[in-house]
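Reader: I have a structure open and would like to go through it with you. Could you take my questions as they come?

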Amino acid sequence: MDYEYVEEIPKDLECSICMGGLENPFVHYECERMFCEKCIKKVDRCPLCRKKLFEQTLSEVRVGIIKNMLNDLKVYCPLDKQHQINRGDYFNHVNDSPHKCHLNCGKFVSNTNLNNHKINDCPEFVINCDAFKYCLTKIPRKDMEQHIKDCKYIFLLPIIDEIKQDYQKQIDEMKKEFGLKWVPVNLLNNLENEKYDVPAYCKDIFGIVHLKGFVKINRQAKEKHTIFKL
Ligand SMILES: [Zn+2]
Ligand SMILES: [Zn+2]
Ligand SMILES: [Zn+2]
Ligand SMILES: [Zn+2]
Ligand SMILES: [Zn+2]
């Protein structure tokens, strides 16, 4: 962990490999010095006594008083430099204590509730316009009310819905009428030998499929390309 310590770390609690406060300390029996577990397990020789390290000469420090002293080291809260906290409380504090929302909405939320706050509540969180399939506006929630009053796409939504339903009706009728096989419209250019009449479709901007007329398709093309059935 990259703790930012408030005060100079007492020499006895400092790891001479990473120069930070000891984390999960291990002691080297030959020199009786302590190192972080992650630091000492990265090297072959003890950086202080230069002796080769073996599993038997290293051991985890379980002494309560040392653990307590390490837990009591003061570090800065990464979310608010005004907070000086005991290193032992670091994770609880960062996750569970309310801090100023980082989008500067002025509210206080804990890290565990931050996502929820942003998605449902934060006035500074950037959201899409309700008509987001058509309107590309993305602005903070607090400005959306005004945008919706002015947005021409919102106004168009019911009309677009009506058009969609209308198209769908046409498609349904065509299906009834032809019992259709459909081909993708990009086949149109490739077909020269004309043998079969097949209805072709295209997708409009609403993703709705509709008939573009009939194309002539030869046997080879029919085998090479998928012919879509609706
Ligand atoms: Zn270390
Ligand atoms: Zn040593
Ligand atoms: Zn804090
Ligand atoms: Zn917020
Ligand atoms: Zn809009």
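Reader: Which residue is the bridge partner of His 28 in strand 2?
Author: In this predicted model, His 28 has Arg 33 as its bridge partner in strand 2, where strands are DSSP runs of E with at least two residues and helices are runs of H or I with at least four, both numbered from the N terminus. Strand 1 and strand 2 pair in the antiparallel sense over 4 bridges, and two strands count as paired if DSSP finds at least two bridges between them.

Reader: Before I go on, how are residues and chains labelled, and what does the prediction limit?
Author: Residues are numbered from 1 along each chain as its sequence is written, while chains are lettered from A and ligands numbered from 1 in the order in which they are written. Because this is a predicted model, local features need pLDDT of at least 70 and side-chain atom pairs count only at pLDDT 80 or more, whereas totals for chains, interfaces and linings use all residues.

Reader: Back to that hairpin, then: which residue takes a positive phi?
Author: Glu 32 does, with a phi near 60 degrees, in the hairpin of strand 1 and strand 2, which has 4 residues between the strands. Glu 30 also has its place in the loop between these two strands.

Reader: Is Glu 30 buried, exposed or partly exposed?
Author: Glu 30 is partly exposed, because 16 other C-beta atoms lie within 10 Å; a residue is buried at 20 or more such atoms within 10 Å, exposed at 12 or fewer, and partly exposed in between, with C-beta atoms placed from the backbone.

Reader: And what is Glu 30 in contact with, beyond its neighbours within four places in sequence?
Author: Its contacts there are Cys 46, Cys 49, Lys 51 and Thr 57, a contact meaning that the C-beta atoms, placed from the backbone, lie within 7 Å. Glu 30 and Cys 49 are 19 residues apart in sequence, and their C-alpha atoms are 7.7 Å apart in space.

Reader: What order do the strands take in the open sheet?
Author: The 3 strands run in the order 2-1-3, with antiparallel pairing. Strand 2 and strand 3 (58-60) stand at the edges with a single partner strand each, so one side of each is left without a neighbour in the sheet. Strand 1 (residues 25-28) and strand 3 pair over 3 bridges, and Phe 26 has Glu 60 as its bridge partner in strand 3.

Reader: Changing topic, which residues make up the largest nonpolar core?
Author: There are 7 residues in all: Cys 15, Leu 22, Phe 26, Phe 35, Cys 36, Cys 39 and Ile 40. Strand 2 (33-36) and helix 1 (37-40) each supply at least two residues of this core. A nonpolar core here is a set of buried Ala, Val, Leu, Ile, Met, Phe, Trp, Tyr and Cys residues joined through C-beta atoms within 7 Å.

Reader: How much of the chain is buried?
Author: Buried residues make up 10% of the 230 residues in the chain.

Conventions:
Two residues are in contact if their C-beta atoms, placed from the backbone, lie within 7 Å.
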